[in-house]
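Subject: Structure handover

Hello,

Here is the structure I promised to pass on. Please open it before reading the notes below.

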Amino acid sequence: EIHIKEPIEKEVNPCLLPGELLLCEASTVYKYMQEDGSNRGTYGKLVCTNFKISFLDDDSASDDNEPQFKNKIVGENDITLQCVDQIYGVYDEKKKLLTGQLRKYPEKLIIYCKDLRVFNFCLRYTKEEEVKRIVSGIVHHSQTPKLLKRLFLFSYASAAPNNTDGRNQTVMFETLEDWRDELERTKGNVKYKAVTTNEGYRVSEKLPLYFVVPICISEESILKYEGRGIPIWCWSCHNGAALLKMSAFPKEQDDSTSQMQKAFLDGIYKTISKPPYELLKMDDLSSSLPSLQDIQTAYTRFKQLFLIDNSTDFWATDVKWFSLLESTNWLEIIRRVLKKAIEVAECLEIQHTNVLLIEESATDLCCVISSLVQVMMDSHSRTKSGFQSLIQKEWVIGGHGFLDRCNHLHKSEKEEAPVFLLLLNCVWQLVQQYPPAFEFTETYLTVLSDSLYVPIFSTFFFNSQHQRDTNKSGESLKTQSGPFRFLTVWDWSVQFDPKAQAFLNNPLYAEKPKPDRSQRKTARFKHQRQLSLPLTQAKPSTKRGFFREETDHLIKNILGKRIGKFINSSDEPPNSLREFYDSWHSKPVDYHGLLLPRIDGPEIKVWAQRYLRWIPEAQLHGGGTIATAAKVLDLMEEVQSLQVKMDEEHSQAVSGDVHSVPMLRNSARLSSLFPFALLQRQSVKPALPTSTWKDLEDEDDLVKRDDEFVDLSGDML
């Protein structure tokens, strides 16, 4: 059948960005459809550039089936080189990981992406020379270590015209004025000051040019240990309590150095513990939260659940979904991080205590906790521009090592850890629990996670402000006179047109506080593919099983030992924290006030849109939350059109508003994972494979296991 089908005759050329160069290509490549075991697919050309790997077929040239939500930079069949996770070759039906020099070239190529797409290409009908060029080219350009200046970021910046619109409201925190404005906004300028001590990076290359410290801290103290041991201000609460972070001293030091550093720290603590400052609570995150290695290991296991080659693999894992999900430990890490953020919020809000987060570099877990606390406590951080400013402040300028943690240069896997993804997963928990409190949507978070791997923006491609500034000069390129003008990811017009950008804004955002009790009791939708770990198959307890005093009884009498993994009761929380948590959840939600996430086992869910969007079997056609949203959007569209008619003389037509409602026609035909998954692929659950039935018969104890809740009467969708 494949031989009979004629390859495409017309020449399809890749659409290249400014600075993008075609490196190698191969014709007559067959791309398999992913959703079933048949060999259905399409012929096309596989190309590799200095920016992306791209598959071009007949449809690439036509605009007939343009999706509503289209990325202008990265198409459906495009993979940026930084987005490639692993590449496998298939030799005689056996998969082998491809790295470095290849002696033999595969007949099939499987590319696993960091955004969890899986591409299957058949090279059996491609000329041998072209196979060698394209396979070795893809492996070399996406998997081997490279120099920073070899990133496409620099090629694009030197060639692209900088004509983006200037309507970006995000505060970049690159000037002293930005920091002073933030101090004034949070009323922190009475006790804290923005300092210029690090101008010219004379204190440390890891610190930003400008940052904020307590007024009583002298310039000499900041200079003494290159900024280590200095409390750096993150945010001030309405009651004056502040969130601070500090880069700790290395643990392995000789005695005399240790004594000097201890004396220095004691002096600092005494200075910031007396009036006008609040009492100080120190929290060493390296001992109270999982290590970066644990986070990386958990995520590596977790993402394997979603890198599905075919339909058979999906249904084979479906029976053991719960046990596989639990064994990754990823949801437990998210729960522990959220719990830590609640503890910090309680100290600031109730105890009026300053909290000092301590970490070796103060640029990883410090960023996660400080950002989460601000999202929970400051409604400004729940607006789109406020959240973007927060990421700039705590992560980009704050010195999170995006280059190393995302391993963009493939230098060292030891440094790799999905720290920023961990934050987005935690924020998503809040967004899905309290949608009206956020000006942005889960689609916004998903797109932001994808942007980590698009090297035309400088936002996520440097380890520090110093590294970005020192690499800004374009002297090595003849075409460039003066410094590079890098793009920021916050200019969404680069990736999306206005209609697509509408999906990033939440039309149901509560502009004003609505302390209506009825809103707290909204019906909870059932999970589609059981996206959270259940505590029990029986009716859940009405009590919140998070704090140790409440859960001990449950553990012993109802749930047995299995629940122990959901609840981290190694350190018994004080009564005040339990009361704070219970008291807040017993009251109606103020969407512009403090938000506390629900963190019982089943409340921590899988971010379905990000992790399941490429798996057809996980979609509900005409179902899911999008079905409800579509009906609401239809009503809003009608209300807005009436408003336009009533208010024409004031020119307040909603069409010009950033919160315009996306048009969702034929909502019954939308997928539950819209806007990423359209009705292009149909998927029906096959009969349970005979091998699975055999496994079930052989393992009589399967039903008795606590960790595998097998429901053969209905699927997990």
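The notes below cover a helix, a helix pair and a sheet.

This is a predicted model: local features need pLDDT of at least 70, side-chain atom pairs count only at pLDDT 80 or more, and totals for chains, interfaces and linings use all residues. Residues are numbered from 1 along each chain as its sequence is written, and side-chain values use heavy atoms, without hydrogens and water.

**Helix α15.** Helices (H or I, at least four residues) and strands (E, at least two) are DSSP runs, numbered from the N terminus. α15 spans residues 442-450, and eight of its nine residues are buried (under 20% relative accessible area, 1.4 Å probe, protein chains only). Among them are Tyr-444, Leu-445 and Asp-450. The cover includes α12 (384-396), α14 (419-433) and α21 (608-612).

**Helices α11 and α14.** The axes of α11 (residues 365-377) and α14 come within 10 Å and cross at roughly 20°. Axes are lines fitted to C-alpha atoms, for helices over the stretch in contact, with angles from 0 to 180 degrees between N-to-C directions. The two helices are therefore roughly parallel (angles under 35 degrees). Their contact (heavy atoms within 4.5 Å) involves residues including Leu-372 of α11 and Leu-423 of α14.

**The sheet.** Four strands form an open, mixed sheet in the order β11-β12-β14-β13. Strands pair if DSSP finds at least two bridges between them. The edges are β11 (232-236) and β13 (280-284). β11 pairs with β12 (residues 242-247) in the antiparallel sense over four bridges. Trp-235 has Leu-243 of β12 as its bridge partner.

Best wishes

Terms used
Buried < 20%, exposed > 50% of the residue type's maximum accessible area, 1.4 Å probe, protein only. Parallel < 35°, antiparallel > 145°, perpendicular 65-115°, else oblique.
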